[in-house]
Amino acid sequence: MVGAEPAGAGEITYLEAITAALRDAMRDDDRVFLVGEDIGRFGGAFGATKGLLDEFGEHRVLDTPISEEGFVGAAIGAAWMGERPVVELQFADFVTCPFDQIVTVAAKTHWRSGQPIPLVIRMPSGGGVRGGPFHAGSPEGWFVGQPGLKVVCPATVEDAYGLIRSAIDDPDPVLVFEHKALYRRVKSAAPATGHRTPIGVASVAREGHDATVVTYGSGVALATTAVEALRADVEVVDLRTVWPVDKAAILSSVSKTSRVLVLQEAARSTGAAGLILSILAREAFELLDAPPALHAPPDTPVPFAPELEDAYLPSVDSTAQALEDLLAY
């Protein structure tokens with residue numbers, strides 16, 4: 001069978017972990033089915049569903065017309081009837097098309113009527129692959145604070161598998177933002193088949209005592225590399241879930257380090273940073289020895305020209321400089 005190895009079988013990539021999570025969920029539960037553009041024979045825009053049509057057939061791997069509002073709406077209806085659809089959007093930027101279906105219908109139905117909507121929407125997000133302003137956005141912040149939704153951003157192979165398994169189990173709609181620059185670059189041992197990463201629980205990717213970096217998605221490896229380049233004693237907190245955010249984990253780390261840098265790839269005024277900074281201002285003010293710092297791109301679309309995109313996105317060097325400034329305060 002073409003596609004990723006099952007979970008638990010040697011080293012795999014972040015992308016293969018996603019495929020394995022989908023495959024294992026579909027084997028475990030006949031209610032799980034996939035919906036999206038070109039996800040069948042083509043295997044999806046990035047190959048995440050490659051091989052699944054051969055195993056599960058066209059009734060569980062559904063190619064759709066180019067109508068995100070239409071097929072997300074259909075998936076909401078299926079979830080309403082007790083199925084467990086997993087939708088793939090070709091790029092996270094296209095979430096604007098079914099936005100109303102997500103925030104008006106999917107997010108509010110469980111609260112309004114008591115009817116669970118076990119819907120998962122997977123979205124390749126982020127820059128670094130020369131996608132330009134229409135295919136490289138990080139729009140997760142649009143959904144932070146939206147009641148009824150959960151938003152996850154896996155940074156590792158283990159969490160790419162485990163968060164998708166948990167999202168499919170969840171009775172509420174879960175948006176999964178998969179950073180496409182991680183798809184084939186991040187590799188590690190495959191998680192055990194059936195592994196779940198709990199939604200709403202952050203992890204400490206690196207222990208430290210002099211400062212904290214709060215980040216998620218591609219920022220985790222970036223922050224870790226920058227810290228190691230500086231040879232600094234800095235803690236890296238991987239949020240994993242950006243809504244609902246793990247406030248206790250943030251405050252626990254900051255109470256130990258007294259300095260904090262929020263790092264994200266989303267533009268400065270979007271992403272999860274605003275929520276995190278407001279938590280720090282309200283609940284950690286007396287713990288801090290320096291003002292909370294933010295390292296994020298400017299409030300512009302992602303540039304297409306490679307040299308401009310490289311300058312726009314946080315880098316190891318720029319993150320290290322932001323940390324140096326924080327530590328020197």
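Is leucine 182 buried or exposed, and what is its relative accessibility? Leucine 182 has 8% relative accessibility, so it counts as buried. Here, buried means under 20% relative accessible area, exposed means over 50%, and partly exposed lies in between, using a 1.4 Å probe and protein chains only.

## About the model

What you see is a predicted model, in which local features need pLDDT of at least 70 and side-chain atom pairs count only at pLDDT 80 or more, while totals for chains, interfaces and linings use all residues. Residues are numbered from 1 along each chain as its sequence is written, and side-chain values use heavy atoms, with hydrogens and water left out.

## Around leucine 182

Let us start with the residue from the opening question. Leucine 182 sits in the loop between strand E7 (174-179) and strand E8 (187-189). Helices (H or I, at least four residues) and strands (E, at least two) are DSSP runs, numbered from the N terminus.

Setting aside residues up to four places away in sequence, leucine 182 touches Tyr14, Pro154, Ala155, Gly217 and Ser218. A contact means heavy atoms within 4.5 Å. Tyrosine 14 is 168 residues from leucine 182 along the chain, and their C-alpha atoms are separated by 6.5 Å.

## Aromatic pairs

The structure holds six aromatic pairs. Rings of Phe, Tyr and Trp (its six-membered ring) pair if their centres lie within 6.5 Å; planes under 30 degrees apart count as stacked, over 60 as edge-to-face and the rest as tilted. Ring pairs also link Tyr14, Phe46, Phe91, Phe94 and Tyr183 into a cluster.

Because phenylalanine 99 lies in helix H4 (residues 99-113) and phenylalanine 143 in the loop between strand E5 (120-125) and strand E6 (150-152), the pair ties together parts that are 44 residues apart in sequence. Phenylalanine 99 is partly exposed at 28% relative accessibility, whereas phenylalanine 143 is buried at 0%.

Phenylalanine 143 also pairs with phenylalanine 177: their ring centres are 6.4 Å apart and their planes at 40°, so this pair is tilted. Phenylalanine 177 lies in strand E7, so the pair ties that strand to the loop between E5 and E6, parts that are 34 residues apart in sequence. Both phenylalanine 143 and phenylalanine 177 are buried.

## Serine 138

Serine 138 is placed in the loop between E5 and E6. With 15% relative accessibility, serine 138 counts as buried. Beyond its neighbours within four places in sequence, serine 138 is in contact with Gly126, Glu265 and Ala266.
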